[in-house]
Each structure stands twice: as C-alpha cells, then as structure tokens.
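Subject: Structure handover

Hello,

Here is the structure for you to look over. My notes follow below it.

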Amino acid sequence: MNIDELFKKIAADREAKAACPITFIVAGLGNPGKEYDGTRHNAGFAALDHISEKCGEKVQKAKFDSLVGEANIGGARVLLMKPQTFMNSSGTAISAAADFYKIPPENVIILCDDITQAPGKMRIRKSGSAGGHNGLKSIIAFLDSVNFKRIRIGVGAKPTPEYDLADWVLGKFSQDDKKLVNSCYENAYNAIELIIKGDIEKAMCAYN
C-alpha cells in the first residue's frame with residue numbers, strides 16, 4: 001500500500017465511523033495492574049478481553065480514564081471499555097464516555113463479577129440496585145440512573161462468613177473455577193448481541 005492509498009483508507013475509515021456513530025457502551029469492570037490479573041474482581045475485564053478478541057478489535061487506546069476500542073456488535077457501533085480508575089471509581093470513566101457520545105444509560109452494558117452466583121453462572125438484569133457491588137454503585141452515582149444493563153458473572157461466594165470479602169474478590173480462581181468462569185465469556189458476548197438487537201428478554205431466558 002503506497003502513501004496515497006494509505007491516506008484514502010484513513011479517510012474512508014473516518015467517513016465510515018461518522019456514518020455509523022457509537023450508540024452503545026460495553027464496559028468490563030476490574031482493577032488495572034498485573035497484580036490483579038486473574039482475580040475474581042477482574043472477571044469483567046476478562047470477559048471484555050474475550051469479546052474484543054472475538055470482534056477482532058484491540059482495547060488499547062487511552063481515553064476516558066480507560067483503555068478503549070471500537071467494534072460492531074449486533075448491527076451497532078460499540079465502544080468497548082476497560083476503566084483504569086480502579087473498581088470503586090468506575091463511574092467516572094463510564095459517565096465521561098456516555099456524556100461524550102450522548103449515550104443514554106439504557107445503552108450502557110456493564111460486565112462485572114458476582115459473588116452471589118456460582119462460577120459458571122451468569123445473571124443478566126435490565127436495571128436495579130448495586131447489590132453491594134462498589135463498581136456498580138459508582139456507575140449508578142455518576143450516571144444518576146439505575147437503568148443500565150448489567151451482566152454479572154458468577155465468581156462464587158466466600159467460603160465462610162468470617163472470610164474477608166476484599167481478600168476473596170482480590171484472590172485468584174482455582175483451576176476448576178477458572179474453567180467454569182471462562183465458559184461464561186462466550187455466553188456474555190451472545191447475550192450482548194441480543195441486548196443490542198433489543199431482545200434482552202431472550203438473553204435473560206437463554207443465559208440467566
């Protein structure tokens with residue numbers, strides 16, 4: 001490809017993006033840093049990595065206090081996000097992107113961990129409270145809305161009531177649990193595709 005062809009391709013890509021603007025946000029929640037890779041709390045990051053790989057897109061551009069990329073899912077142009085704000089401040093990144101692209105809360109889809117679900121299980125919801133999840137709590141506060149979609153990926157409950165919750169969610173999966181949780185990520189992609197197409201009821205029936 002010569003330089004003229006390269007500039008033509010760049011111009012064509014810009015025109016295509018302008019003709020098909022971003023209308024959805026799909027964000028995986030987690031904590032940045034190698035020390036958190038593979039932890040229960042980073043199940044949302046791992047799910048987003050699977051989705052971006054499936055779409056053939058990279059989530060590596062720094063924007064909105066996040067790593068972001070763009071993809072086509074379910075006939076829509078989607079912003080893929082991995083907030084780098086740490087879990088408890090996820091809302092600052094999500095709201096910045098939503099404000100920039102004028103995306104309503106109803107078109108925001110969040111992937112996160114869920115200690116109330118067993119590994120390998122998922123729970124899809126149209127809206128609702130944070131359910132004790134600090135990342136969701138932050139998003140609710142900054143969007144000033146509970147009306148965003150969430151796909152909660154089961155990571156298992158604490159082994160005993162006395163076990164420290166922070167130690168549990170920041171701990172890593174056993175090999176068996178890791179396989180079970182990894183099996184959710186393809187289902188999460190399929191659910192997102194249905195949600196974007198306007199069929200969340202079907203997604204909930206199929207994958208909850």
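Asp144 is exposed, with a relative accessible area of 68%. Keep in mind that this is a predicted model. Asp144 sits in the loop between helix H4 (134–143) and E7. Its phi is near 55°, a positive value in a residue other than glycine. Most residues other than glycine have a negative phi. Lys102 is another case: not a glycine, yet its phi is positive, about 55°. Lys102 belongs to the loop between helix H3 (90–101) and E5. It counts as exposed, at 69% relative accessibility.

Two hairpins come next. E2 and E3 form one, with two residues between them. Phe64 in that turn has a positive phi of about 60°. Strand E2 (residues 61–63) and strand E3 (residues 66–73) run antiparallel and are joined by three bridges. Lys61 has Val68 in E3 as its bridge partner. E3 and E4 form a hairpin that also has two residues between the strands. There Gly74 takes a positive phi near 60°. The pairing of E3 and E4 is antiparallel and spans eight bridges. Within it, Ser66 stands opposite Pro83 in E4.

Now the parallel pairings. Strand E1 (residues 22–28) runs parallel to E5, and four bridges join them. Val26 stands opposite Ile109 in E5. E5 also runs parallel to E7, with six bridges between them. Here Leu111 has Ile151 in E7 as its bridge partner. How many of the seven residues of strand E5 (residues 108–114) are buried? Seven of the seven are, so E5 is largely enclosed by the rest of the structure.

Two lysines deserve a look.

Lys82 is in strand E4 (residues 76–83). It is buried, with a relative accessible area of 12%. Its side chain makes a polar contact with the side chain of Asp49, at 2.9 Å. Leaving out residues up to four places away in sequence, Lys82 touches Gly28, Phe45, Leu48, Asp49, Val59, Ser66 and Leu67. Phe148 lies 66 residues from Lys82 along the chain, and their C-alpha atoms are separated by 17 Å.

Lys149 is in strand E7 (residues 149–154). Lys149 is buried, yet it has no salt bridge. Which side chain of opposite charge is nearest to Lys149? That is Glu106, 6.8 Å away. A salt bridge needs the nitrogen within 4 Å of a carboxyl oxygen. Beyond its neighbours within four places in sequence, Lys149 has contacts that include Pro105, Glu106, Val108, Ile109 and Ile110. Arg125, Lys126, Ile195 and Ile200 are also among its contacts.

Ile200 leads on to helix H8 (residues 200–207), where the buried residues are Ile200, Ala203 and Met204. They cover an arc of only 95° around the axis, which puts them on the same side of H8. What covers them includes strand E6 (122–125), E7 and helix H7 (184–196).

Last, the salt bridges. The count comes to six.

- Asp49 and Lys82: their side chains meet at 2.9 Å, N to O. The pair links distant parts of the chain, with Asp49 in helix H2 (residues 43–55) and Lys82 in strand E4, 33 residues apart. Asp49 is partly exposed, with a relative accessible area of 35%, whereas Lys82 is buried at 12%.
- Lys54 and Glu186: their side chains meet at 3.0 Å, N to O. Lys54 lies in helix H2 and Glu186 in helix H7, so the pair ties together parts that are 132 residues apart in sequence. Lys54 is partly exposed, with a relative accessible area of 41%. Glu186 is partly exposed, at 28%.
- Lys126 and Glu201: their side chains meet at 2.4 Å, N to O. Lys126 is in the loop between E6 and H4 and Glu201 is in helix H8, so this pair links distant parts of the chain, 75 residues apart. Lys126 is partly exposed, with a relative accessible area of 39%. Glu201 is partly exposed, at 41%.
- Asp114, Arg123 and Arg152: these are linked in a network of salt bridges.

Best wishes

Terms used. Residues numbered from 1 in each chain as written. Predicted model: local features only at pLDDT ≥ 70, side-chain atom pairs only at ≥ 80, totals over all residues. Heavy atoms only, no water. Buried < 20%, exposed > 50% of the residue type's maximum accessible area, 1.4 Å probe, protein only. Lys, Arg positive; Asp, Glu negative; His and termini not counted. Contact = heavy atoms within 4.5 Å. Arc of directions from axis to C-beta. Pairing = 2+ DSSP bridges. Polar contact = N/O pair within 3.5 Å; in protein donor to acceptor, adjacent residues only side chain to side chain.
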